[in-house]
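Please keep the sequence and the structure in view while reading.

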Amino acid sequence: MKSPQIKTSLPGPRARQLIKLDKSFVSPSYTRVYPLVVDNAKGLWVHDVDGNVFLDFTAGIATNSTGHCHPRVVKAIKAQADRLLHMSGTDFYYTPQILLAEKLAKLAPGRTAKRVYFGNSGAEAVEAAFKLARWHTKRELNIAFFGAFHGRTMGALSLTASKTVQKKHYNPFVPGITHIPYAYCYRCAYNLTYPKCDLYCVRWVEDTLFRTTVPAEEVGAIFVEPIQGEGGYIVPPPGFHKELKKIAKKYGILYVVDEVQSGMGRTGKMFAVEHFGVQPDIMALAKGIASGLPLGAMIAKSKIMNWEAGSHASTFGGNPLSCQASMATIELLENNMMKNAAKQGDRLTNGLKKLQKAYECMGDVRGKGLMVAVELVKDRETKAPATHWRNGIIRKSFEKGLLVLGCGENSIRFSPSLSVKPGEVDTCLSIFEDALKEVAG
Ligand SMILES: Cc1ncc(COP(=O)(O)O)c(C=O)c1O
């Protein structure tokens, strides 16, 4: 069984040189939480520029869905690179974009006919959804959630309510957006407990919001992550999406689901919203859709995607290489990896739940499939966030050869490639426990 190998102090000598160069020339707006300089990677194993080997439970922020450099994906990209690199799908037609659109439209939940718009990122997919919702409904107001992350372009950022550092000095934003509490049951905004709450957070939208400040007939769309990602891998209770969608439908409001992080098989179903039995009107995809090549897609019911030629487009959106990578990715997900995500996700969650019994600081373990998080607290009673321990555990894991990232204020997320093997899950659990013991034990 392969294991991490840390041969130098971290960062190693070559990494130190490169980081120094980076500090001179690369934007300081990036948030590197530990000094990893990657040279190459295969499957779940990342090699840095000094020959150290790490087990990757980040998948490049939930993006290398089929593992680093899966041979089928690489082969598809290479074959396409010999035929056509770019022609711009906005002005011309080419086969990979058309075939991928057909595939995605058929994969999206529900039988209603769908159409697909292509961009290059999650933010572009959300931006397109935002514009389409406005174009179609001609309504100026929108609803989004506290804790939501939808991207960093001005429209997507206006919908985002994750961290003030992401919004500071960028005001004014797109007007007409109201943020409301998400169904974060571990820290309910209304201090209620599920199921006794009877989904008060959803009823509040109709009973309070629509009666006081936000006229329902002026709302174009509700933007929602099926499981909140950057906000802390927060899984809403059963019924949350169904009831919210019911309210949306009643008032002619579009239900726009951001599957950028939760989609493409990660939760054990192709789209996380399928766990909740809801068919979105519009869906945003990116990250895992093409195993690491830049691609965003916005899928909408055909009767909704009725904007006219010229109303939205992108030169690079849906470029041939990304489309081929995506076709190969989807094939791998459908063949076995999505099932594997459910199976290994259970193994990971059960392992973490076992650890939770022994470690008081593991306040909550939650997730679906391979979208799993541990929320760290100073005390189980008060639930005071243990952000310092969270950061320490991430750093210590890195030093021991395990790559993980944070989410929310005090959670650690586990989002490995969907190709992860049982032994790799066990190695992750064992390093995580060692790091936990050293930092917060
Ligand atoms: C749910 C969600 N939406 C949108 C985005 C933005 O994606 P990108 O960074 O590709 O623009 C992210 C990125 O983390 C995300 O998690």
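Across which strands does helix H5 (residues 122-137) lie? Helix H5 lies across S4, strand S7 (219-224), strand S8 (254-258), S9 and S10. The model is predicted, and its chain is divided into domain 1 (13-69 + 338-440) and domain 2 (72-332). The points below treat the sheets, the contact between the domains and the surroundings of the ligand.

**The seven-stranded sheet**

- Seven strands make up an open sheet with mixed pairing, in the order S4-S10-S9-S8-S7-S5-S6.
- At the edges stand strand S4 (114-119) and strand S6 (177-180); each has a single partner strand, so one side of each is left without a neighbour in the sheet.
- From one strand to the next, the twist averages 20 degrees.
- In general, the strands of a sheet pair through backbone hydrogen bonds, and the pairing is either parallel or antiparallel.
- The antiparallel sense is found between strand S9 (residues 282-285) and strand S10 (residues 296-301), which pair over four bridges. Here leucine 285 has alanine 297 in S10 as its bridge partner.
- The parallel sense is found between strand S5 (residues 141-145) and S6, which pair over four bridges. Here isoleucine 143 has threonine 178 in S6 as its bridge partner.
- Between S5 and S6 the chain passes through helix H6 (residues 154-159), and this β-α-β crossover is right-handed.

- Helix H5 runs at about 25 degrees to S10.

**The four-stranded sheet**

- A further open sheet consists of four strands in the order S11-S12-S15-S14, and its pairing is antiparallel.
- The edges of this sheet are S11 and strand S14 (405-407); each has a single partner strand, so one side of each is left without a neighbour in the sheet.
- The twist in this sheet averages 30 degrees from one strand to the next.
- Three bridges join S14 and S15 in the antiparallel sense. Glycine 406 has isoleucine 412 in S15 as its bridge partner.
- Helix H10 (residues 387-399) lies across S12, S14 and S15, and H10 runs at about 35 degrees to S15.

**Contact between the domains**

- The centres of domain 1 and domain 2, taken over C-alpha atoms, are separated by 25 Å.
- In domain 1, 28 residues are in contact with 27 residues of domain 2.
- On the side of domain 1 that touches domain 2, two or more residues come from each of helix H2 (59-62), helix H9 (320-358), strand S11 (362-368), strand S12 (371-376) and strand S15 (411-414).
- This side of domain 1 has twelve nonpolar, ten polar and six charged residues.

**Surroundings of the ligand**

- The ligand is surrounded by 14 residues, of which the closest are Ser121, Gly122, Ala123, Val260 and Gln261.
- Which element gives the most to the shell around the ligand? That element is H5, with three residues. H5 is also the helix that lies across S4, S7, S8, S9 and S10.
- By class, the shell has five nonpolar, six polar and three charged residues.

Methods:
Residues numbered from 1 in each chain as written. Predicted model: local features only at pLDDT ≥ 70, side-chain atom pairs only at ≥ 80, totals over all residues. Pairing = 2+ DSSP bridges. Axes fitted to C-alpha atoms, helices over the stretch in contact; angles between N-to-C directions. Contact = placed C-beta atoms within 7 Å. Right-handed = clockwise from strand over helix to strand, strands pointing away. Domains from an automatic or database assignment. Nonpolar A, V, L, I, M, F, W, Y, C, P; charged D, E, K, R; others polar. Near = placed C-beta within 6 Å.
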